[in-house]
Amino acid sequence: MKQPSPLPDGELEIMQKIWQCRPPVSRSQIEEMLAGRKHLAPSTILTFLTRLCERGFLQVQRRGRTNLYTPLISQKDYLATESRRFLDRLYGGSLSAMAVSLCDSGISREEIEILRKMLEEGRL
């Protein structure tokens with residue numbers, strides 16, 4: 001499977017809303033989910049959806065006068081790819097260097113305990 005490319009913030013926000021829904025999703029559903037948080041013009045949302053289709057993140061299907069969008073890349077796969085890319089770019093692939101940096105940034109004891117338990121349970 002081809003690795004997904006990083007998404008700009010606007011497109012990522014749209015994908016996050018789509019991943020929260022049961023597919024397929026219409027533009028109007030996305031607009032409703034964004035209401036109150038951020039005002040994006042319908043034309044801007046449509047532009048983001050078109051770009052996401054061109055990049056291979058979404059598949060579009062026409063149903064009557066409505067376009068319905070289905071994700072082709074899962075949120076889990078996207079996050080795994082982006083996490084690896086982040087780790088490689090900022091820490092040279094060193095998880096221990098990232099952990100030291102997190103500790104230096106003020107990570108709480110509770111968060112450290114959660115990570116420790118996840119490691120012990122083999123979830124990391």
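Mentor: Before we start, a residue is called buried when its relative accessible area is under 20%, exposed when it is over 50%, and partly exposed in between (1.4 Å probe, protein chains only). This is a predicted model, so local features need pLDDT of at least 70 and side-chain atom pairs count only at pLDDT 80 or more, while totals for chains, interfaces and linings use all residues. Residues are numbered from 1 along each chain as its sequence is written, and side-chain values use heavy atoms, with hydrogens and water left out.

Trainee: What does Phe57 touch?

Mentor: Contact means heavy atoms within 4.5 Å. Leaving out residues up to four places away in sequence, Phe57 touches a list of residues including Pro4, Met15, Leu52, Ile73 and Tyr78.

Trainee: Switching to rings. How many aromatic pairs are there?

Mentor: Rings of Phe, Tyr and Trp (its six-membered ring) pair if their centres lie within 6.5 Å; planes under 30 degrees apart are stacked, over 60 edge-to-face, and the rest tilted. By that rule there are 3 aromatic pairs. Take Phe57 and Tyr78: the ring centres are 5.7 Å apart and the planes sit at 70 degrees, so this pair is edge-to-face.

Trainee: Which parts of the chain does that pair link?

Mentor: Distant ones: Phe57 is in the loop between helix H3 (42-54) and strand E2 (58-63), while Tyr78 is in helix H4 (residues 75-91), 21 residues apart. Tyr78 is buried too, at 4% relative accessible area.

Trainee: What sort of pair do Phe86 and Tyr91 form?

Mentor: Phe86 and Tyr91 are edge-to-face, 6.0 Å from centre to centre with 65 degrees between the planes. Phe86 is partly exposed at 36% relative accessibility, and Tyr91 is partly exposed at 22%.

Trainee: Which residues make a ring cluster?

Mentor: Trp19, Phe57 and Tyr78 are linked into a cluster by ring pairs.

Trainee: New topic: charges. How many salt bridges are there?

Mentor: A salt bridge is a side-chain nitrogen of Lys or Arg within 4 Å of a carboxyl oxygen of Asp or Glu. That rule gives 7 salt bridges.

Trainee: What does Arg85 pair with?

Mentor: Arg85 makes a salt bridge with Glu82, with the closest N and O atoms 2.1 Å apart. Both are in helix H4, 3 residues apart, about one turn of the helix.

Trainee: And which partner does Asp88 have?

Mentor: Asp88 meets Arg84 in a salt bridge at 3.3 Å, N to O. They also lie in helix H4, but 4 residues apart, about one turn. Asp88 is partly exposed at 39% relative accessibility, and so is Arg84, at 45%.

Trainee: What about Glu113?

Mentor: Glu113 bridges to Arg116, the closest N and O atoms being 2.1 Å apart. Both sit in helix H6 (residues 109-120), 3 residues apart. There is also a network: salt bridges with shared partners join Glu11, Arg51 and Arg55.

Trainee: Is Glu11 buried or exposed?

Mentor: Glu11 counts as buried, because its relative accessibility is 2%. Glu11 lies in helix H1 and, beyond its neighbours within four places in sequence, contacts Phe48, Arg51, Leu52 and Arg55.

Trainee: Last one: how do H2 and H3 cross?

Mentor: Axes are lines fitted to C-alpha atoms, for helices over the stretch in contact, and angles run from 0 to 180 degrees between N-to-C directions. The axes of helix H2 (residues 27-34) and H3 come within 10 Å and cross at roughly 115 degrees.

Trainee: Which residues make the contact?

Mentor: H2 brings Arg27, Ile30, Glu31 and Leu34, and H3 brings Pro42, Ile45, Leu46 and Leu49.

Key:
Helices (H or I, at least four residues) and strands (E, at least two) are DSSP runs, numbered from the N terminus.
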